[in-house]
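Have the structure open as you read.

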Amino acid sequence: MAETLGFGVIGCGVIGRKHAQEIEQLEDARLVAVADAIPSRAEELGGGHGVDWYTDFHLLLTRPDIDIVNVCTPSGMHADIAIEVAKSGKHVIVEKPIDITLAKADAMIQACRDAGVKLCVISQHRFDPSTVRVKQEIAAGSLGRLILGEAAVNWYRSQGYYDSGDWRGTWALDGGGVLMNQSIHTIDLLQYLMGPVESVHAYTATMAHERIEVEDVATAVVRFQNGALGTIVGTTAAYPGLSARIELFGTTGSAVIDADRLTHLYLMAAPVQGMKHHVETVNLATTETNMNEVAAAASNPAAISDAHRRQFRDMMEAIRENREPLVNGEEGRKGLEIILAIYQSAKTGKTVTLPLG
């Protein structure tokens, strides 16, 4: 077995607890310590896992038995903390989004480069078997020329969810609403599978929740660099919550990923004998969707699959093999830029072309 790597977690809220749970499921990883500015949170998570806990994350960074630090704080704090982690010589895993501005994202990426440490941005659904399979089929040309890609995240979050933390629903720390917080994974997968985005035209609104600054409904029309078109739809007001869904269409095939599972994969086969314009098709998707899991994830931010574990594994292997993790800083930046372009379009009423500024 490879040498065990030590982990520290900064931020002991919902997602920090998830990170701690998944780290402990890796046989060659060890959770060493956690930190949170709120003492009760730090004590609860640290005590629950039998590890040291701190209210000052700088003390965690002095630990020589920690190799990797997971940053699970509010989004607008990611870069500031990650830069401190990098300066301490430890590798960085940062939750999505990488941060809420491109300037901060770029500063984080540069700090990790300068310190010679690896940077991984959480986009765990790139590691789902459904995503891996569709990516392989696209690379093999099985879907032909991609012409349309659609992403929809019609979830539900109660008013109590937004009221549960002062940072939720704010531009300063959440960085946005349904797009930045809930839809970023699906948006990342859309561009990962369809290719880079060329331009967006969008609308956003706050229609169903009180005391939030950000959007709870959003729509965008997308043009990809390869000429394909697409749509992005998101809301946190679709009671009781539907599944996140991606639909991809090419000239010789189509694929649908629903609730992280490949539910449709149709590829054009040879023409049927005697029928010039009819071809055989077969649904190559074999996975089934557990609707109880769909309902949980669509309405509960804590109901997350074990895909984090697969991404942690990739980061650990990247460190041992001295290579880039699959979702490094530059990859993590892509989804952020698309969302910021959507916000800019919604604000100005104009089509926005990427890259920004």
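Contact here means heavy atoms within 4.5 Å. Helices (H or I, at least four residues) and strands (E, at least two) are DSSP runs, numbered from the N terminus. This is a predicted model, where local features need pLDDT of at least 70, side-chain atom pairs count only at pLDDT 80 or more, and totals for chains, interfaces and linings use all residues. Residues are numbered from 1 along each chain as its sequence is written, and side-chain values use heavy atoms, with hydrogens and water left out.

Let's start with helix 1. Gly16, Lys18, His19, Ala20, Glu22 and Ile23 are buried there (under 20% relative accessible area, 1.4 Å probe, protein chains only).

Helix 1 (residues 14-23) and helix 11 (residues 307-321) pack at about 65 degrees, their axes 9 Å apart (axes are lines fitted to C-alpha atoms over the stretch in contact, with angles from 0 to 180 degrees between N-to-C directions). The two are therefore roughly perpendicular, a label for 65 to 115 degrees. From helix 1, Ile15, Lys18, His19, Glu22 and Ile23 meet His308, Arg309 and Phe312 of helix 11.

Now the cores: sets of buried Ala, Val, Leu, Ile, Met, Phe, Trp, Tyr and Cys residues joined through side-chain atoms within 4.5 Å. The largest has 70 residues, with Ile232 and Leu179 among those with the most contacts inside it. Apart from it lies another core of 21 residues, including Phe312 and Leu31.

Key
Parallel < 35°, antiparallel > 145°, perpendicular 65-115°, else oblique. Buried < 20%, exposed > 50% of the residue type's maximum accessible area, 1.4 Å probe, protein only.
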